[in-house]
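Keep the viewer open and follow along.

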Amino acid sequence: MKFWKLHGIGNDFIAIDGRFDGIEPENYSSFAAKVCNRRMSVGADGLLVVKNSDKADVEMVYYNSDGSRAAMCGNGIRCFCRFVYDTHIVKKEEFTVDTLDGVKHITLKTSDGRVNSIKVDMGHGSFLAKDVPVNTDEEMFINQKVKILDREFELSSMLMGVPHTIVFIDEFDIDFIEKYGPAIEHCEIFPEKTNVNFVKVRDQYNINVYTWERGCGYTLGCGTGMTASAVICNYLEKTEKSVNVTSKGGTVKIDIDDCIYMTGPAVKICEGYLEV
Ligand SMILES: N[C@@H](CCC[C@H](N)C(=O)O)C(=O)O
């Protein structure tokens, strides 16, 4: 089977064209877990599968490296768009992608036929606790004190295609992220678990975000998490509506306008044939 490997700010993916393989979108779980294994296969944070859509130009099916399916992936959708454009599945610079989080509008920024960056309309997200979802009596789950393991955190959550929770930190500390990330991810108040973003506000236009992802652990960047972090920081009046969001793997730009927009790169690493 032919595949491409790509990354968006270090969040890496295997992309395949699944339009004619006869496999239903819900049936890639064990395949995803197998090919995303970094020692036994190609290895990646997630799998992107192209399907035909009757609602949009194309459909993106996304799976995490543990085989769980997710409604949306921010870095993944940029890599997906680069894949479908460079392989001529889609021949336009502006097009639509169907996801479990709805239809996304895409604008490719190209020069001489090469994709430089990709702008994704991420929709509006939701602050409603029932949408995240979070088990709480509050309508929204913002700055809520929660005891996790041996310490108390102030958590703020929103749905940005997938559930996201943010925690403010002073400095990056991988031991801290690997201890508290999974504990917050699995906290019983989140019935569908949550992605956990550790956020450092540098100034009103720049934040750093380090994400512990549901379904794949610590990654070098998480597009939906960087978007959710920018939106929550703006809601809490810590930042402006346009911010640069930097993770260990790179930077994306988030603009809060009529919709929330994420702009960033997608890089092809290699292509090859998978023995399956
Ligand atoms: N890496 C992604 C998010 C992928 C989904 C997430 N792990 C989940 O299961 O909710 C991104 O760039 O947004």
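Let's start at Gly74, which is buried because 27 other C-beta atoms lie within 10 Å. (Buried here means 20 or more other C-beta atoms within 10 Å of the residue's own, exposed means 12 or fewer, and partly exposed is in between, with C-beta atoms placed from the backbone.) Before going further, note that this is a predicted model: local features need pLDDT of at least 70, side-chain atom pairs count only at pLDDT 80 or more, and totals for chains, interfaces and linings use all residues. Residues are numbered from 1 along each chain as its sequence is written.

Gly74 belongs to helix α2, residues 74-86. (Helices, H or I with at least four residues, and strands, E with at least two, are DSSP runs numbered from the N terminus.) Setting aside neighbours within four places in sequence, Gly74 is in contact with Val120, Met122, Cys222, Gly223, Thr224, Met226, Thr227 and Met262. Contact means that the two C-beta atoms, placed from the backbone, lie within 7 Å.

One of those partners, Gly223, is worth a click too. Gly223 is found in helix α4, residues 223-235, and is buried, with 29 other C-beta atoms within 10 Å. Leaving aside neighbours within four places in sequence, Gly223 is in contact with Gly8, Cys73, Gly74, Asn75, Val252 and Met262.

Now for the annotations. The UniProt annotation "binding site", from an unreviewed entry, covers Asn11, Asn64, Gly74, Asn75, Asn195, Glu213, Arg214, Gly223 and Thr224. UniProt positions are in the numbering used here, feature names are shortened, and annotations may be inferred rather than shown by experiment.

What sits around the ligand? Of the 17 residues there, Gly74, Asn75, Val162, Gly223 and Thr224 come nearest. (A residue counts as near a molecule or strand if its C-beta atom, placed from the backbone, lies within 6 Å of it.) The elements that give two or more residues to this shell are α2 and α4, and α2 gives the most, with three residues. By class, the shell divides into five nonpolar, ten polar and two charged residues. In that scheme Ala, Val, Leu, Ile, Met, Phe, Trp, Tyr, Cys and Pro count as nonpolar, Asp, Glu, Lys and Arg as charged, and the others, Gly among them, as polar.

UniProt places the feature "active site" (unreviewed entry) at Cys73 and Cys222. They span 150 residues in sequence, yet no two of their C-alpha atoms are more than 7.8 Å apart, so they gather at one spot. Cys73 is in the loop between β4 (58-64) and α2, and counts as buried because it has 29 C-beta neighbours inside 10 Å. Not counting residues up to four places away in sequence, Cys73 touches Gly46, Tyr62, Gly223 and Thr224. Cys222 is in the loop between β13 (217-219) and α4, and is buried, with 35 other C-beta atoms within 10 Å. With the residues up to four places away in sequence left out, Cys222 touches Asn11, Gly74, Asn75, Asn195, Thr211 and Glu213.

Zooming out, the domain assignment of the chain gives domain 1 (2-121 + 263-273) and domain 2 (144-258); such bounds come from an automatic or database domain assignment. The C-alpha centres of domain 1 and domain 2 lie 23 Å apart, and the contact takes 20 residues from domain 1 and 18 residues from domain 2. On the side of domain 1 that touches domain 2, the elements giving two or more residues are α2 and β16 (260-264). The shell around the ligand draws at least three residues from each of domain 1 and domain 2.

Finally, the packing. A nonpolar core is a set of buried Ala, Val, Leu, Ile, Met, Phe, Trp, Tyr and Cys residues joined through C-beta atoms within 7 Å. Of the 78 residues in the largest nonpolar core, Ile14, Ala15, Leu47, Leu48, Phe80, Cys81 and Ile254 touch the most other members. The largest share of this core, seven residues, comes from α2, and at least three residues come from each of domain 1 and domain 2. To see one member up close, pick Leu48: apart from neighbours within four places in sequence, Leu48 is in contact with Phe13, Ala15, Met60, Tyr62, Gly76, Cys79, Phe80 and Phe83.
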